[in-house]
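Please look over the sequence and the model shown here, and then follow the paragraphs below from one part of the chain to the next.

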Amino acid sequence: MNIIRTLKALSDETRLRIINLLWVENLCVCEIEAILQSSQSNVSRHLAKLRDAGIIYSEKKSQWVYYGMSNEAIKHYAFIKTLLDEDVAQYPQYKEDIAKLRIYREQNITCASLEDSH
């Protein structure tokens, strides 16, 4: 793990929004796109930076790739947990993202249903 690469990866608001969501649960690109209201290419670019820094991992399930927080990164850089639990959680945009995620789950919105709506 490289501290400079980690700090650079965390220095972007969109990437902080993404890890804030992944702190709650593993998500696929289409779910992150929908919550952030961003393009697939933009979300994928941010996910690649986070993955390259070792902050998140990816796992292919069927035709979708799911992303989650790396336990190793959290253990190695404990400040990430503090950042997510105490700092990021206080900002309205991050709270709104989590609220959208909860609505999606309550409505049983999945990757397949998001794909069908396009």
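Gln37 is exposed, with a relative accessible area of 68%, where exposed means over 50% relative accessible area, buried means under 20% and partly exposed lies in between, for a 1.4 Å probe and protein chains only. Gln37 is not a glycine, and yet its phi is positive, at about 55°; its place is in the loop between α3 (29–36) and α4 (40–52). Helices here are DSSP runs of H or I with at least four residues, strands are runs of E with at least two, and both are numbered from the N terminus.

This is a predicted model, in which local features need pLDDT of at least 70 and side-chain atom pairs count only at pLDDT 80 or more, while totals for chains, interfaces and linings use all residues. Residues are numbered from 1 along each chain as its sequence is written, and side-chain values use heavy atoms, with hydrogens and water left out.

A positive phi also occurs at Ser62, a residue other than glycine, with a value near 60°. Ser62 is found in the loop between β2 (56–61) and β3 (64–69), and at 61% relative accessibility it counts as exposed.

Helix α2 (residues 13–24) has 12 residues and reaches 17 Å from its first C-alpha to its last, close to the 16 Å expected, a span taken as 1.5 Å times one less than the number of residues. Asp12 caps the N-terminal end of α2, with a side-chain oxygen 2.9 Å from the backbone nitrogen of Thr14. Among the buried residues of α2 are Leu16, Ile18, Ile19, Leu21 and Leu22.

The largest nonpolar core has 30 residues, of which Ile19, Leu22, Leu47, Ile55, Ile56 and Met69 touch the most other members; such a core is a set of buried Ala, Val, Leu, Ile, Met, Phe, Trp, Tyr and Cys residues joined through side-chain atoms within 4.5 Å. The largest share of this core, 5 residues, comes from α2. Leaving aside neighbours within four places in sequence, Ile55 is in contact (heavy atoms within 4.5 Å) with residues including Ile19, Leu50, Met69 and Ile80.

Conventions: Polar contact = N/O pair within 3.5 Å; in protein donor to acceptor, adjacent residues only side chain to side chain.
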